[in-house]
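Keep the structure in view as you read.

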Amino acid sequence: MTGVTEQMPRVLLLLPTTTYRSGAFLEAAKGLGVEVVVASERPNVFQEAQPGRYLSLDFFNPDKAERQAIDFAATRPIDAIVGIDDATTVLAAALSGALSLPHNSVASTAASRDKHQMRDLLSRDGVPVPSYVLRSVDDDPVLEARRMVYPCVVKPLMLSASRGVIRADDEGQFVGAVRRLEAILRTPDAAALGDIARQVLIEAFVPGREVALEGLLVRGELHVLALFDKPDPLDGPFFEETIYVTPSRLSAPVQAEIASCTARAARALGLRDGPVHAELRVNRRGPSVIEVAARSIGGLCSRTLRFGTGLSLEELILRHALGMGIPSLERERRAAGVMMIPIPRAGVLKEVRGQAEARSVPGIEEIAITAHAGEDLVPLPEGARYLGFIFARAESPERVEAALREAHRRLEFIVMPPREAKGAD
Ligand code: ADP
């Protein structure tokens, strides 16, 4: 860390245009007295008025982005670089390297972005993962289907939010799942990922309960910030996230196993510093790692977390990145949870009714509808967005879960079929 004695520390935030997190990071930075430079793919409308505060970077061309960052830092030194989501973690590592800032290796962040590389590294180090096989979109799914063991899961290597992840229980479902995923991989945003969008991973389906571990790596040591239970069964064929509740209701020894499994996974990938978000499944045989991402929890879900005297997750991430002291990594005692509101059906969102009624459920803190009226709603496996988020806090995880379910029950989603919506314009 440099330059924090006299001047405000300065952090470069890599913000993809699609993130919900900007506000939380900007607020955390303000509270900490940290100057933020916002880097995004496209020139920002405010860039001309405040050139020192915005930087447009070519996110898809790391060499060019490195030169742009070095030029910028020549006049405005940067003390830390923080990538917000999956799309920016690798670039954050590359740029940190170019500016000689402490960082995860580019290889470790790249491996955590590529589900096949991740599987190779984890299984090589003996971290429990489902058995897996890589296939190409050129392979014939009808022939492959005969060799598969069922149930299995078909998934893309580099998409997120469960997009394109499909369970198959027999040969017919396998062929259907592969064809459906291949169509997703041909859409422009997926195809833009390059060769990796021409590959598909097939994994054994891991039965059991799913948890999400939110952690912070500090010089290679994993600190568990929160372990979330996902009380809704995630058995497929699509895997829509809904409720996350912390603290976990799993027994202390199982929680400890989950933490040590995640720590081993992070080590196997080579990740050493910064936030990690891991998904694991637990059954009689213990935990299996589904994935470990070198980023914090997505969407608006970080609003469930408060540490020490009320620190936000974003504040913790910025403090860690800047080498500032972290007063506490201890989550508050109260139980907390979020429901990512699932898309009820394909169509065009007209209205979400019952929000006041839902908000009045005891324990409910906030309802944030992030989809807007007129938006095309695309359910999984093609879509990757939620309708919004419901947040709750209460004395116990059971109460949090019940409050989230009741609030959701009170919401009414008016979704018009695409054709009817057009006619009504
Ligand atoms: P993404 O990065 O898009 O979220 P994941 O690989 O994490 O993709 O898969 C999304 C979800 O699909 C997981 O959270 C889990 O519920 C389910 N899933 C993925 N792989 C498996 C598997 N091998 N066995 C059982 N469920 C799985």
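The structure, a predicted model, holds two cavities of 30 Å³ or more. Rolling a probe the size of a water molecule over the atoms shows where empty space is left. The points below take the cavities, then a pocket, then the backbone.

**Largest cavity**
- The largest cavity contains about 50 Å³ of space.
- Its lining is made up of Ala161, Glu240, Val378, Pro379, Leu380, Gly383, Ala384, Arg385 and Tyr386.
- Six of these lining residues are nonpolar, one is polar and two are charged.

**Second largest cavity**
- The volume of the second largest cavity is about 30 Å³.
- Around it sit Arg209, Glu210, Val211, Asp229, Lys230, Pro231 and Leu250, which form its lining.
- Two strands, β9 (209-218) and β10 (221-230), each give two or more residues to this lining.
- β9 gives the most, with three residues.
- The lining of the second largest cavity has four charged residues, three nonpolar and no polar ones.

**Second largest pocket**
- The second largest pocket holds about 580 Å³ of space.
- There are 29 residues in its lining, and Pro102, Asp273, Gly274, His320 and Ala321 lie nearest the centre.
- At least two lining residues come from each of β4 (80-83), α3 (86-98), β12 (274-283) and α10 (313-321).
- By class, 16 of the pocket's lining residues are nonpolar, nine are polar and four are charged.

**Cis peptide bonds**
- Most residues other than glycine have a negative phi, and most peptide bonds are trans.
- From Gly236 to Pro237 the peptide bond is cis, with omega near 5°.
- Pro237 belongs to the loop between β10 and β11 (243-246).
- Leu380 and Pro381 are also joined by a cis peptide bond, with omega about 5°.
- Look for Pro381 in the loop between β17 (376-377) and β18 (388-394).

**Positive phi**
- Ser162 is not a glycine, yet its phi is positive, at about 65°.
- Find Ser162 in the loop between β6 (152-156) and β7 (166-168).
- Arg219 is not a glycine either, and has a positive phi of about 45°.
- Arg219 lies in the loop between β9 and β10.
- Is Arg219 buried or exposed? Its relative accessible area is 66%, so Arg219 is exposed, as the cut-off for that word is over 50%.

Note on methods: Residues numbered from 1 in each chain as written. Predicted model: local features only at pLDDT ≥ 70, side-chain atom pairs only at ≥ 80, totals over all residues. Heavy atoms only, no water. 1 Å grid on protein atoms, 1.4 Å probe; cavity = no way out; pocket = protein on both sides within 12 Å on 5 of 7 lines; lining within 4 Å. Points joined across faces, edges and corners; volume = space filled by probe spheres on them. Helix = DSSP H or I, 4+ residues; strand = E, 2+ residues; numbered from the N terminus. Nonpolar A, V, L, I, M, F, W, Y, C, P; charged D, E, K, R; others polar. Buried < 20%, exposed > 50% of the residue type's maximum accessible area, 1.4 Å probe, protein only.
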